[in-house]
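Subject: Structure handover

Hi,

Here is the structure for you to look through. My notes follow below it.

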Amino acid sequence: QGYRAMPVLVERFRNGEDVDVGPAALDDWVPLDGAATSWITQSGAIVLVLSLMGLGFLSRELNLCSVELAQRVRRTCFGFFLPAFLLRHIWLCRLDGELYSVAAWSLLVHGLWFLLSHRGSSLLQPNDRQLRGWTMLMSQGCMNSFLYPLLLSTDGFGEKSLACAVLWDLGGNMWICQFALFAIAANFGHGADGPISMAANDENGGIQDEEEHLLTDGEATELAAVGESPKPGIVKSQGTLASAAKPFASCDLMPREVFMDALTQPVFVCCLVGFFLNWTQASLPGALDLPLWACGEPYKAVLYFLVGYHADHRIGGGQVWILTRALGMRYLISVVIMLLVYVALPLELLYRQTVILTLLSPSSSYLIHLVAEHGYGQDMLKLTVCGSFASTIASTFAQAALIGSMDPG
């Protein structure tokens with residue numbers, strides 16, 4: 001079809017076509033773009049996703065992809081593909097100006113969710129600062145990409161409901177997923193080469209080795225002075241142990257450097273730029289649309305590959321208990337907020353039901369990158385992938401069951 005000569009500079013385009021056919025035609029929520037989707041059924045898309053995950057799993061098991069290469073792929077995926085993907089799709093998404101109040105309510109509700117997550121994580125993990133941070137990561141932030149096609153295909157919801165969901169996402173969830181989660185991961189990550197001990201789960205919810213004492217940097221120095229050396233993997237930073245005595249004290253405050261890094265990360269910047277360009281109704285030239293599409297579309301395929309590469313069901317009972325408590329707290333908080341939204345949010349019934357569905361969305365896929373990038377270790381990365389997968393399955397079925405029982409009126 002090609003790009004037309006002059007209008008390309010002044011009209012919005014998607015893959016060479018005028019984006020004047022509504023949000024349902026955007027390629028945000030389909031595995032492949034354009035005419036290719038005509039022969040890919042929903043079951044075929046599931047097979048495609050599972051195949052990509054299986055490819056990642058086999059690449060690890062057969063040593064076809066080294067850990068160093070996987071790290072480079074991950075950083076390219078979340079540092080290059082994802083920013084381009086978000087910039088383009090936020091820019092092109094149709095927003096209803098009459099629903100901007102939804103974005104304001106979203107910011108307030110996600111602020112409450114953040115506070116509940118922080119307090120709940122402190123109670124669940126009082127003795128391990130890093131696990132407390134990881135629990136905060138797993139218990140907030142939503143990935144809504146699976147919900148959008150469900151809204152469009154359900155009678156009574158459609159594009160009006162989709163516009164509400166998108167504004168709810170941009171108003172509050174974007175700040176959690178693209179800013180707060182980054183800051184939390186950086187603030188609570190220990191940055192050590194080895195993973196924290198996952199040997200046993202103590203009675204207070206922290207993870208400790210039953211036989212080895214976790215040494216501070218100072219204690220390790222004292223051992224070295226007398227000719228002894230601690231075993232690898234049992235030295236923790238002084239900052240990590242400091243919060244064991246003060247689980248909810250000033251040591252949890254975010255350093256200025258972490259805050260500034262969170263503000264300048266590419267994903268967050270692209271979200272803000274995309275929202276600004278959308279709000280100002282700036283046109284997306286076709287000459288820019290095609291490069292953004294080419295840079296952003298590999299994101300989903302590479303993400304599924306990485307999920308398969310890092311997926312490992314071989315986790316111990318203590319790890320399962322930690323994961324269960326983190327996800328349990330996530331859904332407990334979401335249910336409490338859902339009840340508040342239904343009773344108190346001053347919006348019409350359709351919008352309140354849409355918000356309730358978004359609150360049931362699974363955890364953000366961005367966590368895989370954050371946990372790997374900030375020194376949480378392979379054990380925590382494995383738990384994160386398993387938790388994200390379990391959250392996606394549980395949320396998808398819950399949303400499908402709940403929307404079937406709703407009557408938007």
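Of the 409 residues in the chain of this predicted model, 49% count as buried. Buried means under 20% relative accessible area, exposed means over 50%, and partly exposed lies in between (1.4 Å probe, protein chains only).

Some ground rules. Residues are numbered from 1 along each chain as its sequence is written, and side-chain values use heavy atoms, with hydrogens and water left out. Because the model is predicted, local features need pLDDT of at least 70 and side-chain atom pairs count only at pLDDT 80 or more, while totals for chains, interfaces and linings use all residues.

**Confidence**

pLDDT is the predictor's confidence in each residue, from 0 to 100. The chain averages 76, and 73% of the residues score at least 70. Residues 1-41 stay under 50, and the model gives them 87 contacts beyond four places in sequence. A contact means heavy atoms within 4.5 Å. Residues 191-251 are also below 50, with 99 contacts beyond near neighbours in sequence. Where pLDDT is low, the predicted coordinates should not be read in detail.

**Overall build**

The chain has 16 helices and four strands. These are DSSP runs, numbered from the N terminus: helices are H or I with at least four residues, strands are E with at least two. Take the contacts with a separation of 6 or more: 81% of them join residues 24 or more positions apart.

Look at α6 (residues 158-188) and α14 (residues 349-359). Their axes come within 9 Å and cross at roughly 50°. Axes are lines fitted to C-alpha atoms, for helices over the stretch in contact, and angles run from 0 to 180 degrees between N-to-C directions. The angle makes α6 oblique to α14. Under 35 degrees counts as roughly parallel, over 145 as roughly antiparallel, 65 to 115 as roughly perpendicular, and the rest as oblique. On the α6 side, the contact uses Lys160, Ser161, Cys164, Ala165 and Trp168. On the α14 side, it uses Leu350, Tyr351, Thr354, Val355, Thr358 and Leu359.

Serine 334 sits in helix α13 (residues 317-344). Is serine 334 buried or exposed? Serine 334 is buried, because its relative accessible area is 1%. Leaving out residues up to four places away in sequence, serine 334 touches Trp113 and Leu359.

Leucine 116 is in helix α3 (residues 100-124). Leucine 116 is partly exposed, at 34% relative accessible area. Leucine 116 and arginine 330 are 214 residues apart in sequence, yet 9.6 Å apart in space, C-alpha to C-alpha.

Best wishes
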